[in-house]
Amino acid sequence: MEKGIETYIKEQFDVPAVDIRTYSPLTLAYIGDGVFDLIIRSVVVGKGNTRANQLHQRTCQIVKAHTQAEIIEFLQDYLTEEEADVYRRGRNAKSPTMAKNATMSDYRKATGLEALVGYLYLTDRFERLVELIRIAADGLGLKL
C-alpha cells in the first residue's frame, strides 16, 4: 500500500505519531480548512491557467461557509457512520470565532465538514476525501 501525503510529511519532518482520537474537533477543522482549500485550488488551477483574481474568485465561491454547508448536507447519505460521527463532533464544537459572512448554522456545518476533511487527511484516507468532494461537486453542480 502506498503511504499517504500525511504519513510522508510526518516522516520527512520527523513528526511523532499521535492518536488522532486525542485531537479536538477544532484542531481537525483547522487542518481540514487548509486541505479543503488546497483540493479546490488544485482543481480550479487545473481547469485553466488564468488571472490569479479569477482563480481566487472561483475558489472563494466553493470554500465559503455557505457552500461548505450545502456540500455536507448533500453528503449526509454518503457518509459512513464513523465519518458522520466526526462531522457531528466538528459541527457541535464551540468555536470562539465565526465567519464574517455566514449564518451560525452554515458556519457550524462548515466547521463539521472541515473537521471531517481534516480527519480523513490525517488518517491517510485522501482517496475517500477526494471521492466525497467529487460526489458533492457533481451532485450540486458546483462550478470548479
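Which residues does Val44 touch, not counting residues up to four places away in sequence? The first legend answers this for a predicted model, in which local features need pLDDT of at least 70, side-chain atom pairs count only at pLDDT 80 or more, and totals for chains, interfaces and linings use all residues. Residues are numbered from 1 along each chain as its sequence is written, and side-chain values use heavy atoms, with hydrogens and water left out.

View 1. Val44 touches Leu55, Arg58, Thr59 and Leu144, where residues up to four places away in sequence are not counted and contact means heavy atoms within 4.5 Å. The relative accessible area of Val44 is 1%, so this residue is buried (buried means under 20% relative accessible area, exposed over 50%, and partly exposed in between, with a 1.4 Å probe and protein chains only). Gln61 lies 17 residues from Val44 along the chain, and the C-alpha atoms of the two are separated by 11 Å. Helices are DSSP runs of H or I with at least four residues, numbered from the N terminus.

**View 2. Gln57 in helix α3 (residues 52-63).** Gln57 is partly exposed, because its relative accessible area is 41%. Between the C-alpha atoms of Gln57 and Asp19 the separation is 37 Å, and these residues are 38 apart along the chain.

**View 3. The aromatic pair of Phe74 and Tyr78.** A search of the whole structure finds one aromatic pair. In this pair, Phe74 and Tyr78 are stacked, at 5.8 Å centre to centre and with 25 degrees between the planes. Rings of Phe, Tyr and Trp (its six-membered ring) pair if their centres lie within 6.5 Å; planes under 30 degrees apart count as stacked, over 60 as edge-to-face and the rest as tilted. Phe74 is partly exposed at 27% relative accessible area, and Tyr78 is also partly exposed, at 41%.

**View 4. The largest pocket and its lining.** The largest pocket holds about 400 Å³ of space. On a 1 Å grid over the protein atoms alone, a pocket is an open set of points where a 1.4 Å probe fits, with protein on both sides within 12 Å along at least five of seven lines; lining residues have an atom within 4 Å of a point. The volume is the space filled by probe spheres set on the points, which are joined across faces, edges and corners. Of the 20 lining residues, Asp33, Gln68, Ala99, Tyr107 and Glu114 lie nearest the centre of the pocket. Helices α2, α4 (65-75) and α6 (104-122) each supply at least two residues of the lining, and the largest share, five residues, comes from α2.
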